[in-house]
Amino acid sequence: MSWVLAPLFRFLDTSNDGDAPPAAASMADGAHLLGFSDEILLHILSHIPSTDLVLNVRRTCRKLAVLCLDKSLIHTVLLQKDYEASEDKVKQLVREIGREIQQLNMAGCYWLSGSTIEHVARCRGLVKVNLSGCRLTSLRLSKMLSVLQHLRSLAIDVSPGFDASQLSGECKATLSRVRELKQTLYTPSYGVVPCCTSLEKLLLYFEILDRTREGAILSGQLMVGQSNVPHYQNLRVFYARLAPGYINQEVVRLYLAVLSDRTPENLHAFLISVPGSFAESGATKNLLDSMARNVVLDALQLPKSWLNGSSLLQHMRFNNPFYFSFSRCTLSGGHLIQRVVNGGKDLRSLASLNLSGCVHCLSPDSLLRKAEDDIDSGILETLVAACCNLRHLNLSAAHHHSSEGPGRHLCQLLARLRHLRSLSLPVCSVADSAPRADRAPAQPAMHAVPRGFGKKVRIGVQSCPSPFSSQAVPQPSSVFWSLLKNVPFLERLELIGSNFSSAMPRNEPAIRNSLPPCSRAQNVGDSEVAAIGQLAFLRHLTLAQLPSILTGSGLVSIGLQCQQLQSLSLANLGMMGKVVYMSALSDMLKHCKQLKDLRLEQPYFSANAQFFQALSQCSALQRLCLVSRSGTLQPEAVLAFMARCLHVVVCHMFTGESLTTCKSLQQSLLRSFQAERPALNVVIFPLLHEGLTDVIRDVPMVHLDEITLFKSRVAEEPPNLWW
């Protein structure tokens with residue numbers, strides 16, 4: 001961020017005395033940066049990475065030398081995603097302020113060596129440290145924790161080769177005082193959990209692959225002989241997220257076995273996120289029965305197979321719940337209202353609700369509903385009234401079609417949720433119930449692509465006026481436009497086709513075929529996308545499987561007006577055989593000065609000089625991922641783009657190019673830019689190559705999870721789950 005704020009400090013005085021602010025003769029009113037109050041200056045300085053703050057800005061003048069060492073700035077140090085934090089910078093930072101640091105976040109600093117991570121031991125006053133994604137052996141962990149006697153919160157990875165027997169007595173003493181533990185498992189292990197006898201919050205991320213690189217099949221039986229007595233008696237929060245694979249399910253059962261023997265009395269949040277099916281066992285049934293009898297929850301997420309067809313929710317007790325996830329469950333609307341919302345009673349405490357993939361959640365009790373059937377607006381109305389303070393809502397991966405009638409459309413009902421900050425909807429749910437008589441058909445564009453049977457499609461906004469124009473923009477009357485008008489503070493929006501599936505699934509070969517989009521999604525096109533432009537505070541946008549995008553003109557509106565946009569994910573827009581929005585995308589990117597992450601998934605996409613020239617104008621860009629079946633790229637254009645965009649550290653491209661072309665480009669990028677960008681991660685590989693899975697496993701988890709793989713992120717986890 002310092003390079004963004006650099007102009008603010010450009011005029012600071014660097015004279016010998018350094019005591020007084022710079023002369024302001026050139027300013028009519030005598031105002032200058034250092035004339036601001038300390039409170040305002042501290043707020044500005046809080047946006048600068050700690051390495052730049054301490055090692056550069058602090059040396060500007062004496063006043064900043066004092067302010068940069070203010071407790072509010074150095075008690076908490078965030079190195080996460082500070083991709084310019086080199087080995088030397090981190091070591092020097094720890095030497096200068098290590099004694100003052102109380103909270104340190106180094107999550108995802110995969111480029112730092114183990115010897116550099118070891119310098120954390122100098123921060124003797126640490127209370128909270130996040131080392132997820134860092135190179136850490138059991139011996140290094142033991143050495144660090146042995147001196148961190150005040151530590152209460154810890155996040156680490158457990159990788160192959162981890163050996164708990166190598167932890168010293170002093171290390172185990174520190175772990176016995178840890179109350180919050182986040183542990184990411186890459187190998188079957190209990191990690192440090194048995195040593196943490198005071199745990200109140202336990203977060204487990206299971207990322208174990210079924211096979212080793214050599215092809216050997218892994219088994220949870222490798223944990224036999226390890227200490228298997230986790231101490232859960234003080235546990236308040238239990239969270240487990242599993243990557244695909246049977247081994248992850250096998251290992252999590254070993255963690256749950258202890259919980260089933262004795263359920264913690266103070267348990268408030270119990271969350272297990274599992275892709276696919278996860279069969280109940282005798283132990284898990286005992287656990288759920290015990291929870292129903294003995295605990296009162298405020299957050300719940302269970303595997304779909306544990307909820308489907310059971311009366312479990314009817315017996316669970318809740319007190320001011322703030323998070324529910326029933327993702328992929330066959331929960332019907334009737335059961336949702338009766339068992340979760342208690343017949344429409346007050347649920348104002350609920351902040352986050354995930355109903356993604358719940359195809360029946362807005363329908364009556366009958367499970368015979370077809371995809372094309374309309375939702376029951378009464379169920380949604382009851383839900384909205386009861387959960388009026390929702391901030392995060394996910395209704396994706398289902399067909400939620402609205403019936404005709406005033407005030408009965410899904411968008412009209414959701415417009416009452418004025419506190420929404422993130423929202424994920426299926427594309428078909430925002431289509432108008434019927435063609436509107438008040439909307440005149442637009443003239444077809446010269447380069448519009450006709451669809452089958454000569455059907456005419458209305459085109460949206462063909463050109464977007466400047467947001468600074470004095471002319472008022474005409475207000476469309478679509479229900480989607482009205483919804484967005486009523487949730488002006490939305491920061492994350494996802495429009496994902498009900499049948500969309502990414503060509504890059506986790507731990508599997510690339511998908512060669514995809515399901516056709518919902519028929520109602522044909523009514524959502526450029527004009528609906530243009531409506532997103534009114535969200536002035538939008539930071540994250542996902543658009544996937546919108547077949548009626550003809551020109552992409554709505555993207556230009558978003559680029560012009562959503563000036564805070566930081567991440568953009570576009571997938572399968574328009575006709576699948578042709579990229580029709582390239583020109584509009586190029587125009588959009590010229591205005592995206594805050595864009596940091598761009599993910600594009602589109603068959604037959606041509607990553608040519610025109611595209612990279614436009615992308616080069618995104619001066620803040622850090623991560624790029626391109627997924628394109630039968631797509632092409634121009635190596636010279638990629639190299640020129642990387643040379644111009646100095647902050648790009650992630651370049652992932654999975655196209656239809658040959659393995660030879662991909663390897664050559666990858667080596668050229670690493671050879672040209674690795675030295676000056678220590679965090680550089682480049683993966684160029686054919687999308688349909690059989691070795692893709694092996695290549696993916698080497699991608700740092702922070703990038704794999706956040707940009708390489710496609711997924712809905714709204715209400716994915718409870719708010720403020722960790723850092």
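Which residues of helix H25 (residues 701-708) are buried? In this predicted model, the buried residues of H25 are Val 702, His 703, Leu 704, Ile 707 and Thr 708. They pack against strands E17, E19 and E21, against strand E22 (681-686) and against helix H24 (692-696).

**Overall architecture**

The protein contains 25 helices and 22 strands. Of its 723 residues, 54% count as buried. Contacts between residues at least 6 apart in sequence were also examined, and 77% of these join residues at least 24 apart.

Strand E19 spans residues 623-627, and five of its five residues are buried, so the strand is largely enclosed by the rest of the structure. In a regular strand the side chains alternate between the two faces of the sheet. Both faces of E19 are covered. Arg 623, Cys 625 and Val 627 are buried on one side, while Leu 624 and Leu 626 are buried on the other.

E19 has paired strands to which it runs parallel. Strand E17 (residues 597-601) is joined to E19 by five bridges, and the two run parallel. Within this pairing, Leu 600 stands opposite Leu 626 of E19. Strand E21 (residues 650-655) likewise pairs with E19 in the parallel sense over five bridges. Here the bridge partner of Leu 624 is Cys 651 in E21. E17, E19 and E21 are among the elements against which the buried residues of H25 pack.

The loop between E19 and strand E20 (632-633) holds Ser 630. Most residues other than glycine have a negative phi, and most peptide bonds are trans. Ser 630 has a phi near 65°, a positive value in a residue other than glycine. Its relative accessible area is 40%, which makes Ser 630 partly exposed.

**Helix H8**

Helix H8 covers residues 138-145, and its buried residues are Ser 138, Leu 141, Ser 142, Met 144 and Leu 145. These residues cover an arc of only 165° around the axis, which puts them on the same side of H8. An α-helix has 3.6 residues a turn, so residues three or four places apart point the same way. On the other side of H8, Leu 139 and Lys 143 are exposed. The buried residues pack against helix H7 (114-117), strand E4 (153-158) and helix H9 (169-177).

**Pockets and cavities**

Rolling a probe the size of a water molecule over the atoms shows where empty space is left. A search of the whole structure finds three cavities of 30 Å³ or more.

| Space | Volume |
|---|---|
| Second largest pocket | about 1,400 Å³ |
| Largest cavity | about 120 Å³ |
| Second largest cavity | about 60 Å³ |

The second largest pocket is lined by 41 residues, and Pro 275, Arg 328, Phe 710, Lys 711 and Ser 712 lie nearest its centre. Strand E7 (237-242), strand E8 (269-273) and strand E10 (318-325) each supply at least two residues of this lining. The lining has 17 nonpolar, 15 polar and nine charged residues. Arg 328 is found in the loop between E10 and helix H14 (333-340). Its phi is near 70°, a positive value in a residue other than glycine.

The largest cavity is lined by 16 residues, of which Ala 503, Asn 572, Glu 601, Pro 603 and Arg 629 lie nearest its centre. The residues of this lining divide into six nonpolar, seven polar and three charged.

The second largest cavity is lined by Met 504, Pro 505, Asn 507, Glu 508, Leu 692, Thr 693, Ile 696 and Leu 709. By class, its lining has five nonpolar, two polar and one charged residues.

**An exposed histidine**

Is His 43 buried or exposed? With a relative accessible area of 52%, His 43 is exposed; the cut-off for this class is over 50%. His 43 lies in helix H2 (residues 38-45). The C-alpha atoms of His 43 and Leu 73 are separated by 9.3 Å, and these residues are 30 apart along the chain.

Methods. Residues numbered from 1 in each chain as written. Predicted model: local features only at pLDDT ≥ 70, side-chain atom pairs only at ≥ 80, totals over all residues. Heavy atoms only, no water. Buried < 20%, exposed > 50% of the residue type's maximum accessible area, 1.4 Å probe, protein only. Helix = DSSP H or I, 4+ residues; strand = E, 2+ residues; numbered from the N terminus. Arc of directions from axis to C-beta. Contact = heavy atoms within 4.5 Å. 1 Å grid on protein atoms, 1.4 Å probe; cavity = no way out; pocket = protein on both sides within 12 Å on 5 of 7 lines; lining within 4 Å. Points joined across faces, edges and corners; volume = space filled by probe spheres on them. Nonpolar A, V, L, I, M, F, W, Y, C, P; charged D, E, K, R; others polar. Pairing = 2+ DSSP bridges.
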